[in-house]
Amino acid sequence: LMDMMKNLSLGDILTGLSTSKNQKDMSSYKFWQTQPVPSFEEKGKLAEDGPIKIIDVDRVPKEPSPMVEGFEWVTMNLQDTAELQEVYELLSNHYVEDGEAMFRFNYSASFLNWALKAPGWRDIWHVGVRATASRKLVAFISGVPVRLRVREKTVNSIEINFLCVHKKLRSKRLAPTLIKEITRRCYLNGIYQAIYTAGVILPTPVATCRYYHRSIDWEKLYDVGFSPLPHGSTRQRQIMKYKLPERTATQGLRPMQVKDVDAVQDLLTRYLQRSQMAQEFSKEEIEHWLLHKETEGNEQVVWSYVVEDPSSGKITDFFSFYCLESTVIRDRGNRNVRAAYLYYYATETAFTGEKKELKARLNALMKDCLILAKKAKFDVLNALTLLDNPMFLEEQKFGAGDGQLHYYLYNYRTTPLLGGVDDKNVA
Ligand code: MYA
């Protein structure tokens, strides 16, 4: 979801969170009403958690449904840098934009390589559509397998992402065709559930979060039209407001290394137990998702830091962020907003301290996180209203964005995890 800053208070967000205005009626979702997802009315109420439909694999088609005349299905080979580059180009020109078409996500090829080749990845879940004559890639959808815990049950699922149709082929019902094709490929391979997020309302979110933005280079964000100049403030005052110390303050803070994988897995697993829905990470996944691999041509995508207790040598905290730039559309790609997205974090204080101490610890860690993001030349740090984020968003001068991110489950029923931003509902 692409998002811009808006002057909203956390209170506004809390009250507006679960009411989605302008929601279409179920009968107008011609595609989604045919799919195993809860209707808006049902919202997963009154039923026990579990699959909506039991899939009989023998009845799943062995071949894809026919593609529109002039186009054909392909399985992308992302080991081939030329094909990775094609996916990059499709997305950089046609992927998600904000509502006013000022910015568009510019996921780097290194990012796609990271996100699409997570442990357990298979090329069959990198589905493309090419124009038969020109061979041009015009649409894409992808998935990577995840073990997802929803409340107390673990669901073997796929995380669907990067659904994209070329701008010239929009509104031709290609998106449902892509969704059906990746579903077929999952069913044939023993995966019957999926998780995905979107900025649009579909039947039916299990949770909804809002983006918050913490300016690091306010002047640049203002110049490209990302941040407003609040009424009554001045440029100078805004710059001062977001000034950060030169150096981090937490004792024992250092970049995460391979040797920390076990400790971070243990800490994060315990920390995520506090949320109703979260991924379950293997050691291999912790290493993949949190540690940058120095290889030729691979730009850094993820930054992770741990706090090692100087006396015991124990890892007591960690935090991470990843890089996702956005193109400033009116600049014809000359300028980017270089955004860091707050990713996973955890702290022992959640288990040992009072809420007050947890809040203080998180604020200290996030302040250091901002300092490190600034050092890595980011313009802004983005975070969602999930985990314990509401405990530090305001104190660390994050401002509310104007969009929401909705979380969906496919072929799985559970009562909504909605309920307010300090519910720590999703992770
Ligand atoms: S979210 C990011 C989505 N991508 C973008 O926003 C990029 C820019 N936009 C585009 O490329 C196109 O506009 C897209 C739609 C491709 C989004 N998720 O082909 P159409 C429904 C699901 O005529 P187009 C992400 O990647 C819409 O309500 N459905 O429309 C997660 C309508 O259905 P209905 C969506 O504009 C994706 C139908 O599509 C979305 O040309 C998770 C219209 O189709 C959306 N974001 O193309 C996918 N947007 O008639 C689901 C619109 O019912 C995965 N629609 O209203 C499900 C699990 C599958 C695996 C299961 C395994 C077990």
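**A ligand and its shell, plus a helix pair**

The shell around the ligand is made up of 24 nonpolar, 6 polar and 5 charged residues (Ala, Val, Leu, Ile, Met, Phe, Trp, Tyr, Cys and Pro count as nonpolar, Asp, Glu, Lys and Arg as charged, and the others, Gly among them, as polar). Keep in mind that this is a predicted model, where local features need pLDDT of at least 70 and side-chain atom pairs count only at pLDDT 80 or more, while totals for chains, interfaces and linings use all residues. Residues are numbered from 1 along each chain as its sequence is written, and side-chain values use heavy atoms, with hydrogens and water left out.

**Around the ligand**

- Of the 35 residues around the ligand, the nearest are Trp-32, Leu-163, Ser-171, Arg-173 and Ala-175 (a residue is near if one of its heavy atoms lies within 4 Å).
- Strand 5 (153-165), helix 4 (174-187) and strand 6 (193-198) each give the shell at least two residues; helices (H or I, at least four residues) and strands (E, at least two) are DSSP runs, numbered from the N terminus.

**Backbone and ligand**

- A polar backbone atom of Leu-163 sits 2.8 Å from a nitrogen atom of the ligand.
- For Phe-31, a polar backbone atom is 2.9 Å from an oxygen atom of the ligand.

**Helix 2 meets helix 3**

- In helix 2, Leu-84, Gln-85, Val-87, Tyr-88 and Leu-91 meet Ala-109, Leu-112 and Asn-113 of helix 3 (contact means heavy atoms within 4.5 Å).
- By class, this contact of helix 2 with helix 3 has 6 nonpolar, 2 polar and no charged residues.

Technical notes
Polar contact = N/O pair within 3.5 Å; in protein donor to acceptor, adjacent residues only side chain to side chain.
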